[in-house]
Amino acid sequence: MIKTVIPVGPFHPLLEEAEYFTLTVDGETVVDIDLDIGWMHRGHEYLSEGKTFTQSIYLVERICGICSTSHPLACSHAIEDVDNIEIPPRAAYIRTLVGELERIHSHLLWLGLAGHFIGYDTLWMWAWRYREPVLQMFEKISGNRNHYGMLRVGGVGRDVDPDSISGLLGILDEVWRKIEMVARAAGDDPVLKARLKGVGVLPKQAAVDYCAVGPTARASGVPVDVRKDEPTDAYGLVEFEKIVLQNGDVYDKLVVRLLETLESIKIVRQCLEKLKTAPGAILNDVKEISAGEGIGRYEAPRGEVFHYVRTDGTNRPIRHKVRAPSYVNIPTFAASCKGIPVADVLITLASVDPCYCCTERAVRMVDSHNLPFRIDLAKLSREKTERIRREIHG
Amino acid sequence: MLDKETFLEEMGQRIRRGVDKKGRLYFEVAGEDLHEVVKYLFHTMGCRLSTATAMETYHGLEVLYHFSHDPTGQYYCPRVVMTDKKNPRLNSITPIIKGAEWIEREMSEMLGITFDGHPRPERLLTRDHPKGLDRPLRLRRPS
């Protein structure tokens, strides 16, 4: 039996961070997968120890470009947890508003990329077109389409203008109609079902063993959602449902994200309605943080972001631990990728949510004689989608 | 549902000292008791390992595990302190929880802690680093 090794990465358009996968294949079937990370170790934890608490929040905002408010939220929660600092109700609604808008645009980004990877470019264009108004809402709220700089210890640094809320609600209504249409269309699409159902299954027990989080865990029947488990900010004041599905395949991950997007729109609408009238300040005056330790977390679009800070009574953390959701979700590939065809690896790797770019990527393949030749995983995936499309539609 | 009181009742004799805050329980355990506490948290209570934090203090090296009990939102954080800074050793919990593999490898290379029984004691982040980093998070605090 000849086994072939396919290296994927370390710089790969499907992966939100630079990672290096080594696929061992037997014919068309993946028999083993190994992962190698550490290509972008940027020293955030060490850097944070040299910065004040407020500066740390800005620093961690740069960890991820897509969920750039999740890390600051978790960091603020951790610092506030040291002294059990409360935040004003208006600030709580603003935090939740920004966090949920981010979830909408991140899930739509993933949906578009997932469509593109399997050769379903209509879905890609739809999803990204309807993501654009969400970014415009961000620009109206924070002044930026990304990296919003809204968070402070004890609240937020920028208020939402009550006069702009009716305009924001108008955009949101339009987004709701479009996303609902996309969700129905994607849910009924026989090609999507045939291409994604049963692909890259992550069993529930494996999700528990690997401590997976976010949609990756919820699509496998593990009901973990920080927003419900430990409601901070305004999550205890708004109504929404936790979306949990059971199959653990790529299709269920897609459906979880689609349904969560609709739930997020409901939360955003409730927050905006409350912000019309919610009185009071947006920032509590926090003079100092005492010596101690605090844990902060937030349900980022990809899952739980975890921050831990140790303080000594000065204005800087003496230890700041950061754990992003990908850190626990990526190792689940060892369970979800074994035994599947090579053409399905691409979308399975992508199903935990990639971030950057949409460039084609040809990987270097080494055969049993260590001779390199090139294979295009994206092309293989698209060919499979096309084959399924022909089988369904004749 | 198993709660904090039940945990303290069952594991109380293994806890040396602790800090009980709102939704957070930090407590110190001996290295030899770690497996029993982790098994109780993971298998009996159904907690999820969020991650672990290692740091160097004046007293030695410490590893703080963060277990989330998702149904209640409570965090259980067992802390193990190793006073031997030259050769810190700790039993690996990866044989119990697969999800601990990466974080233990990271703590090992960043602070030089040896995790006995780890199935894959290789560097995670700095394997091919051009400068061949050695315990980078300890360099600024020489023992």
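**Cysteines**

I began with Cys211(A) in this predicted model, and I found that the residue is buried, with a relative accessible area of 2%. Which cysteine sulfur is closest to the sulfur of Cys211(A)? I noted that it belongs to Cys47(B), and that the separation of 10 Å is too far for a bond, because a disulfide needs the two sulfur atoms within 2.5 Å. I then turned to Cys77(B), whose closest cysteine sulfur is also in Cys47(B), at 10 Å, which is again too far for a bond. Cys77(B) counts as buried, with a relative accessibility of 0%. My count of disulfides over all chains came to 0.

**Where the chains touch**

Next I looked up the contact between the two chains, to which chain A gives 38 residues and chain B gives 39 residues. I recorded how much area is involved, since the size of an interface is often given as the accessible area lost when the parts come together. For chain A and chain B this buried area is about 3400 Å², and 51% of it lies on carbon and sulfur atoms. Across the interface I listed 19 residue pairs in polar contact, both residues being at pLDDT 80 or more. The elements of chain A that give two or more residues to the side touching chain B include the helices α1 (44–48), α3 (70–83) and α8 (204–209), and also the strands β6 (292–300), β7 (303–311) and β8 (317–323). I sorted the residues on that side of chain A into 18 nonpolar, 4 polar and 16 charged.

**Salt bridges**

The side chain of Asp81(A) meets that of Arg24(B) in a salt bridge at 3.1 Å, N to O. Asp81(A) lies in helix α3 of chain A and Arg24(B) in strand β2 (residues 24–29) of chain B, so this pair joins two chains.

Asp285(A) counts as exposed at 63% relative accessibility, and Lys287(A) counts as exposed at 74%. Elsewhere, salt bridges that share partners join Asp81(A), Glu230(A), Arg297(A), Glu304(A), Arg323(A), Arg24(B), Arg48(B) and Asp70(B) into one network.

**Backbone angles**

Last, I checked residues other than glycine for a positive phi. Asn84(A) has a phi near 50 degrees, and I placed this residue in the loop between α3 and α4 (89–117) of chain A, where Asn84(A) is partly exposed at 37% relative accessibility. Arg135(B) has a positive phi of about 45 degrees, lies in the segment after β7 (114–116) of chain B, and is partly exposed, with a relative accessible area of 31%.

Key: Residues are numbered from 1 along each chain as its sequence is written. Chains are lettered from A and ligands numbered from 1 in the order in which they are written. This is a predicted model: local features need pLDDT of at least 70, side-chain atom pairs count only at pLDDT 80 or more; totals for chains, interfaces and linings use all residues. Side-chain values use heavy atoms; hydrogens and water are left out. Buried means under 20% relative accessible area, exposed over 50%, partly exposed in between (1.4 Å probe, protein chains only). Contact means heavy atoms within 4.5 Å. Buried area is the accessible area (1.4 Å probe) that two parts lose on being put together, summed over both. A polar contact is a pair of N or O atoms within 3.5 Å; within protein, one must be able to donate a hydrogen and the other to accept it, and residues adjacent in sequence count only if both atoms are side-chain atoms. Helices (H or I, at least four residues) and strands (E, at least two) are DSSP runs, numbered from the N terminus. Ala, Val, Leu, Ile, Met, Phe, Trp, Tyr, Cys and Pro count as nonpolar, Asp, Glu, Lys and Arg as charged, and the others, Gly among them, as polar. A salt bridge is a side-chain nitrogen of Lys or Arg within 4 Å of a carboxyl oxygen of Asp or Glu.
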